[in-house]
Amino acid sequence: MRLVIDCFKLIKGAGKSIGIYNLALNLVRDLAAYEQKNHENTLIVLGNAFNQKDFDMSGIRFIEIRNKNPRNKLTCILWELFEVSFYAKKLRADRVLFPRGYAPMLHWTKESVIIHDMIPFYYHEQFPGYFNRLENFYIMWRLRASARGADDVITISEASKRDILRYSKVAPEKITVIYNGHTAVSCPEDLDGGNTDGGYIVANTSALPHKNAVGIVKSYERYCQMTDQPLPLTIVGIGGIEPFASGCTVSGQITCIQYIESNEAFHKLIREARLFVFLPLIEGFGFPPIEAMQLGTPVLCSDTSSLPEVVGDAAVCVNPRDHEKAAQAILKLATDRELRRQLQERGRANVKRFSWDETGKKYRERLFRLDILD
């Protein structure tokens, strides 16, 4: 089989695509390693000058799409709607995989598309006008059309599958759920010990409304009112709390870090915390709790969308809009050492469900199915 993987639009760290970039890169690595041993298929990656250093590897034929700027919106629209189909046909592809969730309008080859989530529809319903309405409409149209037009749809959680079925009205058997695989986190210390007695709380969020920075700040503020000795909070992903909670009475207890460039520094910050807080309103998968579990840090997270299926019994889950319950959970985790120890053990066991060995195997089984080519 000649499998073409469309990575032209992927640029590491650009926009909101870092999770998609990492999934595509890990998948290409897995497929390349498999083909180096088995020599059963031809793997071709369509990429750009920015990602060539990552995706141009042994076992892969890497083709840089020249004279096209992947940072230009119009270029990317024309590429994903039409031009990628011409490249695939010219390369005599048996199948094309689209990791970013958008299949082309011209269906000249068999197509598999990875749709990570349907969050644009959530914004349309819950936060109308937050994004440019025309752009959001275009994205919703493309997601719906891609789910309907592709031969095969892969998504990353049962929650995302339910959303695809709701908004696209495709047959359930067309959709396969394959959980994201995790890679080992980098941290200077030995990861086997873990730390459940750290002197602070760490949370991960962003300025986007669905990441719920407001809920984190308000829940923490209520927690501080419940105890005489509150732990300080470090929030990674925003530059300050003012846009989210003006008049916060405990701002002196909160440190905000917009961005941590070093993965080791980020993981060290999580590992040395007493607990990790992650309270989004919706998530397609949710990697941060899995990273915290690898590092031995107890997790408090939302009970919405994909998160309960991802964290299982290895985290305390609360309604992210219920600041009172979230504050009570923070207090419980901060003061109950035995609960933290139990979550630490369950977390390490839970992480094993998301190994790349299993994820890669499921992708190979799906992508190289001969019956889909009939």
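**Close-up views of a predicted model**

**View 1. Lining of the largest cavity in the predicted model.** The largest cavity is lined by Asp6, Cys7, Phe8, Lys9, Leu10, Trp79, Glu80, Phe98, Pro99, Arg100 and Tyr102. The volume of the largest cavity is about 80 Å³, and the count of cavities of 30 Å³ or more comes to three.

**View 2. Helix α1, residues 18–38, and the elements packed against it.** Helix α1 has 21 residues and reaches 30 Å from its first C-alpha to its last, which is close to the 30 Å expected at 1.5 Å a residue. Buried in α1 are Ile20, Tyr21, Leu23, Ala24, Leu25, Asn26, Leu27, Val28, Asp30, Leu31, Ala32 and Glu35. These buried residues pack against the strands β1 (2–6), β2 (42–47), β4 (95–98) and β5 (110–114), as well as against the helices α2 (52–55) and α13 (356–367). Histidine 39, which follows α1, has a positive phi, near 55 degrees.

View 3. The buried residues are Pro288, Pro289, Ile290, Ala292, Met293 and Gln294, and what covers them includes the strands β8 (201–204), β11 (275–278) and β12 (299–302), together with the helices α8 (263–271), α10 (307–311) and α12 (337–351). Glycine 296, which follows α9, has a positive phi, near 80 degrees.

Note on methods
Residues numbered from 1 in each chain as written. Predicted model: local features only at pLDDT ≥ 70, side-chain atom pairs only at ≥ 80, totals over all residues. Heavy atoms only, no water. 1 Å grid on protein atoms, 1.4 Å probe; cavity = no way out; pocket = protein on both sides within 12 Å on 5 of 7 lines; lining within 4 Å. Points joined across faces, edges and corners; volume = space filled by probe spheres on them. Helix = DSSP H or I, 4+ residues; strand = E, 2+ residues; numbered from the N terminus. Expected span 1.5 Å × (residues − 1). Buried < 20%, exposed > 50% of the residue type's maximum accessible area, 1.4 Å probe, protein only. Contact = heavy atoms within 4.5 Å.
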